[in-house]
Amino acid sequence: MDRDRPRLSGSGLLATVPLAFVGLFFVWPVATVIAEGLTGAGVLEVLGDRRLQRVAWFTLWQAAVSTVLTIAVALPGAWALARFRFRGRAVVWALITVPFVLPTVVVASAFVAVLGPRGPLGGPLGGLLPGVGAILAAHVYFNVAVVARTVANALGQVDPQLEEAARSLGASRWTAFREVSLPLVRPALVAAASIVFLFTFTSFGVVLLLGGPRRATIDVEIWRQVAYFLDLRTAAALAVVQLVAVVACLVVAGRMQARVVPRRARDAARRPVGAERAVLAAILGPTLAFLVTPLAVVAYRSVDVGGGLGLTFYRALGTSRRGSSLFVPPEAAIRNSVTYAAIATAIALLVGGITAGLAAYRDRRTSRLLDLLVMVPLGTSAVTLGLGFLLALDEPPLDLRTWWGLVPIAHALIAAPFVVRIVVPALRSIDPRLREAAAVLGASPVRVRLAVDVPLASRAVLVAAGFAFAISLGEFGATLFLARPDNPTMPIAIFRFLGQPGPLNLGQAMAMSTLLMLVTATVIAGIERFRAGSVGAF
Amino acid sequence: MLEVDGVEVRFGDHVAVAGVSMVVERGEVVCLLGPSGSGKTSLLRAVAGLETPAAGAIRWDGRDVTREPTHRRGFGLVFQDFALFPHRSVAANVGFGLRMRGEPVEERVAEVLALVGLEGYGSRMPSTLSGGEQQRVALARAVAPGCELLLMDEPLGSLDRPLRERLTGELRAMLHDLGVAVVHVTHDQQEALAIADRVVVLRDGRVAQAGTPPEVWRRPADEFVARFLGFANLLPHPDGLLVVPPDAVSLGPEGEPGTVTAVTFRGTGFAVTVAVDGGASLEVPVRSEAIPAPGDRVRVAIEARLTSVVPVVR
């Protein structure tokens, strides 16, 4: 035990980095929001207000409907991916993932492009935009990956012999699936469903851009209270209601998750035969069309200059126009986004990496507390975070409201949990005998970390860096509160373009969305190449 | 009665079963014996309805079931690693088939659990059982709905050897008590010879030999079957190879002269390898106190009555 002491004090010192960061930029702002929200009769007024009651009710039911629809769309694809081996399976797997990592604003502008007046479905389905239909469609689009990947992974672990056993005992294929495989993947399904519910419950960008003026989730309403009515108290009270609801969701989801029954299959997937091919095509065809169409339409609309194809909209991004909705040339937004993303990635890797390192090696109380502290921001909406920054960091001793650095800091807070979730399993999966071997060969504890853990976890760190970068590039909710008007990021620029009339603004929104989509896709493609299967469900 | 008539199973270009015919009577235990890749499991799965034959027919009591889905065939199936439903209790596992049929569950489950010697295990979860207990639950689950044909895919294959040898006897007794038709797949000749009423040896998707265990043991059809049954002494013969079973050779005062080249301890006795003058090498089991040493001159007697001549397989 004596030999552990110097390391303990060292890690204790290290722990102060994430503790201080999360304390200053998460706990304090959110605590300020809660304090402000609980001051006076704020919460009671919110709960008593007919209009805000409608907002809360809408938030709840659209999240529930979005979750059910997402499961309905994702389940057949998950089954097909888990059970069958076919050409292009890896491509389908990647395509299903793409929407989840796309920025909300890009997805929203994709649905504007598809359902808008000149969009391919603008005729028959144009009535959905703006409105609930467009919101639900975008939510399903976004979250298919969460359900499909989680459930497909779980289904892949179920030994196909179990269903065969059920069939030999008189169960039809469907009954065998329902009686055997479905109960075995239920924990995974419930976990995925609660994540989807949480995401859609706290949905902001999609609802703001696709819902029109009459539809608002709690998050959108918080933004409106701040931006249009400058009513920070009502906004804070709404944030408290939101937080309570989120915590309630998490508790219920935790209760519903039964123990997981792991069961390794030798090779669950096989080639489809006979009628199975038709079933596979009938499932994957529409799924892929649903996934690809919006992105293709965005890209097409970005070069569709009316009467022909051209790069007019892209060129317009480099010029500043009088009366433009941006105060700077749009290309400045691209520069801002990349700079912020680089800084946010560095911070997230530092904070998340230290937390992961401490959490992976010891099951001490500190490490669990650290893990919890860094994970909690994941369950808090970006809008609440943005509001917290506004409320907490706007007066001495810390008047940072106009400081551009708040934007990457907020992004880092949102990205750090992903870093932890990706790096911890990688560190834990390192065979402890490798460390023992290094120690026996004469390596000091520090050398062991450097010689064994760092190289073996470096892939995971790269993947985490990619995720952090992509998250920062696409972050919208918090940025909308924090970015100064003359310092927009790409998502903010897209939001402003979409808010203005005229084909040039729409075209620039499409061009900017396409660029953001390409950058994100490149980062994710890089991640896919680097991940070695050791990284979790998504 | 199960009739398998010229059944072929293909996976793409690969032919797993190349036209196998066989008959299994009610109350009869037939073992499909063969090395891995011989098509025995594919044939069993075709009978169960889990693979669709590319050609041929499968009939049960004269009724063609070749195209009938698995769940309507009503055959019992036991898997190598049991495939017990991990999320259901022992009783729920055993009662599953009855429930699918809409038949009363409780009484029959207790009855079947008693049959396999697992009274009172109903509320246990499969993961808390030993390998041998799981094997019995798998058997109980397969027979609970009262199937008339029981299909078993290496039912003892995932158990360790001592347990497997103990259960082989028990399994034979249980199968005969049930009085159903049984198709039992295994790659273990000891197990097949001990359990089967009849053995069907498969090679590359075809029947290499079919017969009762003594028939197959005494008169292997060809070199492949002889080698697969584990006969070490195959001597050159004008018509092919002379198969000399271990019980047909002994050391004694009479017989062919030769020199001992190796002595191996086998637990129950010794295996003495003798290079017979003139070329051939023979392995002779010896249990007596007088164990020769390498280099000793001995005589090897062969009981011609117990030997057979088999054709060479390329």
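**A note on chains A and B**

1. In strand S8(B), B:Ala181 is the bridge partner of B:Leu149. Strands here are DSSP runs of E with at least two residues and helices are runs of H or I with at least four, both numbered from the N terminus. Strand S7 (residues 149–153) and strand S8 (residues 181–186) of chain B pair in the parallel sense over five bridges. Pairing requires at least two DSSP bridges between the two strands.

2. Before going further, a word on the model and its labels. It is a predicted model, in which local features need pLDDT of at least 70 and side-chain atom pairs count only at pLDDT 80 or more, while totals for chains, interfaces and linings use all residues. Residues are numbered from 1 along each chain as its sequence is written, and chains are lettered from A, with ligands numbered from 1, in the order in which they are written.

3. Back to the sheets of chain B. S7(B) and S8(B) belong to an open sheet of six strands, ordered S6-S7-S8-S3-S9-S10, with mixed pairing. At its edges are strand S6 (76–78) and strand S10 (206–211) of chain B, each of which pairs on one side only. From one strand to the next, the twist averages 15°.

4. Chain B also has an open sheet of three strands, in the order S11-S12-S17, with antiparallel pairing. Strand S11 (233–237) and strand S17 (308–310) of chain B are the edges, each with a single partner strand, so one side of each is left without a neighbour in the sheet. Here the twist averages 35° from one strand to the next. Strand S12 (residues 240–244) of chain B pairs with S17(B) in the antiparallel sense over three bridges, and B:Leu242 stands opposite B:Val309 in S17(B).

5. Chain B has a helix pair worth a look too. Helix H5 (residues 131–143) and helix H6 (residues 161–178) of chain B pack at an angle of about 20°, with their axes 12 Å apart. The axes are lines fitted to C-alpha atoms, for helices over the stretch in contact, and angles run from 0 to 180 degrees between N-to-C directions. The angle makes H5(B) roughly parallel to H6(B); the classes are roughly parallel under 35 degrees, roughly antiparallel over 145, roughly perpendicular from 65 to 115 and oblique for the rest. The crossing of H5(B) and H6(B) is right-handed, meaning that the near helix is turned clockwise from the far one by less than a right angle, with anticlockwise giving left-handed.

6. Who makes that contact? H5(B) supplies B:Gly131, B:Gly132, B:Gln135 and B:Val143, and H6(B) supplies B:Leu163, B:Leu167 and B:Leu178. Contact means that the C-beta atoms of two residues, placed from the backbone, lie within 7 Å. By class, the contact of H5(B) with H6(B) has four nonpolar, three polar and no charged residues. Nonpolar covers Ala, Val, Leu, Ile, Met, Phe, Trp, Tyr, Cys and Pro, charged covers Asp, Glu, Lys and Arg, and polar covers the others, Gly among them.

7. Now a helix pair of chain A. The axes of helix H4 (residues 89–101) and helix H13 (residues 275–303) of chain A come within 9 Å and cross at roughly 40°, which makes H4(A) oblique to H13(A). Their crossing is left-handed. A:Val92, A:Leu95, A:Ile96, A:Val98 and A:Pro99 of H4(A) make the contact with A:Leu284, A:Leu288, A:Leu291 and A:Val292 of H13(A). The residues of this contact comprise nine nonpolar, no polar and no charged.

8. How much of each chain is buried? Buried residues make up 48% of the 538 residues in chain A and 40% of the 314 residues of chain B. A residue is buried with 20 or more other C-beta atoms within 10 Å of its own, exposed with 12 or fewer and partly exposed in between, the C-beta atoms being placed from the backbone. Nine of the 10 residues of helix H22 (residues 490–499) of chain A are buried, so this helix is largely enclosed by the rest of the structure. Among the buried residues of H22(A) are A:Phe495, A:Arg496 and A:Phe497.

9. Finally, the overall make-up and the interface. Chain A has 23 helices and two strands, while chain B has nine helices and 17 strands. Between the chains, 17 residues of chain A are in contact with 18 residues of chain B. On the side of chain A that touches chain B, helix H8 (160–168) and helix H9 (173–201) of chain A are the elements that give two or more residues, and H8(A) gives the most, with seven. That side of chain A has nine nonpolar, four polar and four charged residues.
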